[in-house]
Amino acid sequence: MNKKQLLEFVHQAEALCKQRKCRLTDQRKRVLELILSAEKPLTAYEILDQLRESVKNPAPPTVYRALEFLLQHGLIHKLESIHAFIGCTHPDHKHTSQFLICNDCGDVNEIENKAIEKSLHSAEQAAGFKTSHPVIELLGTCSQCQLSNSH
Ligand SMILES: [Zn+2]
Ligand SMILES: [Zn+2]
C-alpha cells in the first residue's frame with residue numbers, strides 16, 4: 001500500500017468510526033498505520049517492536065486493546081495460521097473472507113468467495129454448529145513465486 005492509499009484508508013477508517021460512534025484514538029491509528037504500511041502481515045510482537053521506534057515504552061496491553069478494537073471494527077484481519085495481522089481492503093461491510101497466504105514471499109491475498117461461504121453455511125446448518133469465528137486460510141505459493149521458482 002502506498003502513502004496515498006494509506007492516507008485514504010485511514011481517512012475512511014476515521015469516517016467509519018465516527019459513523020459507529022467510536023473513536024480512532026492516536027494509539028489505534030498508529031497501530032493501524034503500521035499494519036497498513038507493512039509489506040507483510042505483522043505479528044503483535046513486531047507491531048510492539050516497531051512502535052518502540054516512535055513511542056517510549058509502548059505498553060503491550062494497550063497494543064492488544066488497539067488490535068482488538070481494529071479487529072472488532074473490521075479494519076484489520078487476524079491470520080490465525082501465522083499469528084499476524086493485515087489491513088482489510090473493504091472494511092465498510094461485514095464479510096467472511098478467505099486468505100491465500102504465500103509461504104515463499106509472505107504475500108497475503110484476501111478474497112471473498114460467496115460459493116465457499118454458502119457451502120460452509122449449509123455444512124454448519126447440517127451439523128447444527130454455530131460458528132463464531134470462521135478461519136479460512138490457504139497456505140501455498142502465489143503466482144509470482146511460482147513464476148520465479150520455475151526460472
Ligand atoms: Zn476484509
Ligand atoms: Zn509469493
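This is a predicted model: local features need pLDDT of at least 70, side-chain atom pairs count only at pLDDT 80 or more; totals for chains, interfaces and linings use all residues.
Local features need pLDDT of at least 70 and side-chain atom pairs count only at pLDDT 80 or more, whereas totals for chains, interfaces and linings use all residues. Residues are numbered from 1 along each chain as its sequence is written, chains are lettered from A and ligands numbered from 1 in the order in which they are written, and side-chain values use heavy atoms, with hydrogens and water left out.

We may begin with the zinc ion (ligand 2), which is held by the SG atoms of Cys102, Cys105, Cys142 and Cys145 at 2.3 Å. Donors here are N, O and S atoms within 2.8 Å of the metal (3.2 Å for Na, K and Ca), and sites may look incomplete, as water is not among the atoms. Angles among the 4 donor atoms run from 105 to 113°, and the site is tetrahedral (for four donors, all angles between 85 and 135 degrees). Along the chain, the donors of this ion show the spacing C-x2-C-x36-C-x2-C. Cys102 belongs to strand S3 (residues 98–102) and Cys142 to the loop between strand S5 (137–140) and helix H6 (143–149), so this pair ties together parts that are 40 residues apart in sequence. Helices (H or I, at least four residues) and strands (E, at least two) are DSSP runs, numbered from the N terminus. Cys102 is buried at a relative accessible area of 4%, and Cys142 is buried at 19%; buried means under 20% relative accessible area, exposed over 50% and partly exposed in between (1.4 Å probe, protein chains only).

The zinc ion (ligand 1) has another set of donors: His77 (NE2), Cys88 (SG), His95 (NE2) and Glu110 (OE), at 1.9 to 2.2 Å. Its 4 donor atoms subtend angles of 100 to 138°, so the arrangement is irregular. The donor residues are spaced H-x10-C-x6-H-x14-E in sequence. Distant parts of the chain are linked by His95, in the loop between strand S2 (84–87) and S3, and Glu110, in strand S4 (residues 108–111), 15 residues apart. His95 is buried at 19% relative accessibility, and Glu110 is buried at 13%.

Turning to the helices, H1 (residues 3–19) packs against H2 (residues 26–37) at an angle of about 140°, with their axes 10 Å apart. Axes are lines fitted to C-alpha atoms, for helices over the stretch in contact, and angles run from 0 to 180 degrees between N-to-C directions. H1 is therefore oblique to H2 (angles under 35 degrees count as roughly parallel, over 145 as roughly antiparallel, 65 to 115 as roughly perpendicular and the rest as oblique). The contact (heavy atoms within 4.5 Å) involves Leu6, Phe9, Val10, Ala13 and Glu14 of H1 together with Lys29, Leu32, Glu33, Leu36 and Ser37 of H2.

How values were computed: Four donors count as tetrahedral if all angles lie between 85 and 135 degrees; four count as square planar and six as octahedral if opposite donors are over 155 degrees apart and all others between 65 and 115; anything else is irregular.
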